[in-house]
Amino acid sequence: MSIPSPADPLTLGQHLVSVLDSGARVATYKLAVLVALLEFSVENVPEDHGSAVDVDLDDLAERVVGLYWRQVRDFDGHYLRQSTQARATIPDAVREFARATATAGRETPLDIAARRSPGLFREMIKKVKLVLAQQPLHRLQRVPGGYAGESFLYDDSWMSAKMGTNTVLAHGNRITLYPGVCFALARLSSLLKPALMLAWVDDVRRKNSFLDEDVPDLEGHLFGNSRIALIRPKAALIEAFGPTCFYCSARVGSDAHVDHVLPWSRVGIDGLANLVLACPSCNTSKSQLLPERSHVLRALDRGRDPITELAASIDWPVQFDRVVTSARGLYASQPDGSPIWLGRNKITAMRVDYSWLQGYHIDVGNIFAPE
């Protein structure tokens, strides 16, 4: 099979849109895989932007599980359907794991649940991984009606709807993104991810007859961080660093926000390494913009060990390494001149700089591995 030439982001984006627009989706799995691949690509931008990049399928399955983690909670008394079939194996597996690891009285971040019940977590990932290989990964680059053009993301010629775990392992438990695809996906992420999420909301609305246009905040339930109780991080950040805004140093009170330094809309990192206190004015002004690099460095300079100890005291994930890798990828894949948030009502143009995080080393591992 011939390997495509290094991917052009515009052409790749057009391919993805054509696949998504080609017909109704039986389940939300294709959307989940694409969002997971976008986030993986942001965190794994290679130094040589034209390189091929391996995607470990356990890692991909963990990211997909992370996307469904909040969605499997009841919404308005209903377990939302994510498939036209009677059973939806992936969200059902996630819901079963969530119920088995629930902590009475509060929501549990997935990282913590995985650490508490590693055996159950690995069994769930094994089941999800096989479904991903048999269904969305096998069908992602095809359109309804049987037409199959040249693959443009990765080689899927070895996949089938009836394949087993041994076949996955025989192919290295991975897919390999074609040359340039990882960088192209990272560059497209800020445009494609919101579009994929809107398509996901529409799919869920169509698959659940009780939902209509007047149902409030379905998008927030599926993708927002409002369902994650940030009360514990807020109290811990105030105790450790004082009741001041991370960005402008203004004193904050009960109206303080917990802000994601790397915006939630870009990478869904809820770990304490990515959380700071912000006054409402700074948080509103920053919104979904990437912050100037100095803000990211100051957040990391709080120190891996102190942040890890603080997170442990409130039973919260750290995700220090994910902040480092995501920051590298986000800034490396933005076009020169992209808007960057300096401070309240202060925007500047970004200049590409590949050296700014050289002092930070990371531990290689899957995204929910203990830190």
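**Asn166**

I started with Asn166, which lies in helix α8, residues 165-170. I am working from a predicted model. Buried or exposed, I wondered, is Asn166? At 64% relative accessibility, Asn166 counts as exposed.

**The whole chain**

Next I stepped back for an overview. I find 15 helices and seven strands in the protein. Of its 371 residues, 53% are buried. I also looked at contacts between residues at least 6 apart in sequence, and 75% of these join residues at least 24 apart.

**Helix α1**

I moved on to α1, which covers residues 9-20. Its twelve residues reach 16 Å from the first C-alpha to the last, close to the 16 Å expected at 1.5 Å a residue. Which residues of α1 are buried? I noted Pro9, Leu12, Gly13, Leu16, Val19 and Leu20. Looking down the helix axis, I see these buried residues fall within an arc of 125 degrees, so they line one face of α1. The general rule is handy here: an α-helix has 3.6 residues a turn, so residues three or four places apart point the same way. I then asked what covers the buried residues of α1. The cover includes α2 (29-43) and α9 (181-207).

**Phe152**

Phe152 sits in the loop between α7 (136-139) and α8. With a relative accessible area of 11%, Phe152 is buried, because the cut-off is under 20%. Leaving out residues up to four places away in sequence, I see Phe152 touch Leu12, His15, Leu16, Val19, Gln141, Tyr178 and Val181. The pair Phe152 and Leu12 is 140 residues apart in sequence, yet 7.5 Å apart in space, C-alpha to C-alpha.

**Nonpolar cores**

I wanted to know which residues have the most contacts inside the largest nonpolar core. They are Tyr68, Met124, Leu137, Leu153, Ile175, Leu185 and Trp200, in a core of 71 residues. Helix α9 gives the most to this core, with twelve residues. I also found a second, separate core of 48 residues, and its members include Ala186, Cys245, Phe246 and Trp316.

Beyond its neighbours within four places in sequence, Tyr68 is in contact with Thr28, Tyr29, Ala32, Gln82, Ile90, Pro91, Val94 and Trp200.

**α3 against α6**

How do α3 (residues 57-68) and α6 (residues 118-134) pack? I get an angle of about 100 degrees, with the axes 9 Å apart. The two helices are therefore roughly perpendicular to each other. From α3, the contact uses Leu57, Asp58, Leu60, Ala61, Glu62, Val64 and Val65. From α6, I listed Phe121, Arg122, Met124, Ile125, Val128, Lys129 and Leu132.

**Positive phi**

My last stop was backbone angles. Most residues other than glycine have a negative phi. I noted two residues with positive values.

- Asp76 has a phi near 55 degrees. I place Asp76 in the loop between α3 and α4 (89-100), and at 63% relative accessibility it counts as exposed.
- Ser287 has a phi near 50 degrees. I found Ser287 in the loop between α12 (280-286) and β5 (290-291), and at 46% relative accessibility it counts as partly exposed.

Technical notes. Residues are numbered from 1 along each chain as its sequence is written. This is a predicted model: local features need pLDDT of at least 70, side-chain atom pairs count only at pLDDT 80 or more; totals for chains, interfaces and linings use all residues. Side-chain values use heavy atoms; hydrogens and water are left out. Helices (H or I, at least four residues) and strands (E, at least two) are DSSP runs, numbered from the N terminus. The expected span of a helix is 1.5 Å times one less than its number of residues. Buried means under 20% relative accessible area, exposed over 50%, partly exposed in between (1.4 Å probe, protein chains only). The arc is that of the directions from the helix axis to the C-beta atoms. Contact means heavy atoms within 4.5 Å. A nonpolar core is a set of buried Ala, Val, Leu, Ile, Met, Phe, Trp, Tyr and Cys residues joined through side-chain atoms within 4.5 Å. Axes are lines fitted to C-alpha atoms, for helices over the stretch in contact, and angles run from 0 to 180 degrees between N-to-C directions. Angles under 35 degrees count as roughly parallel, over 145 as roughly antiparallel, 65 to 115 as roughly perpendicular and the rest as oblique.
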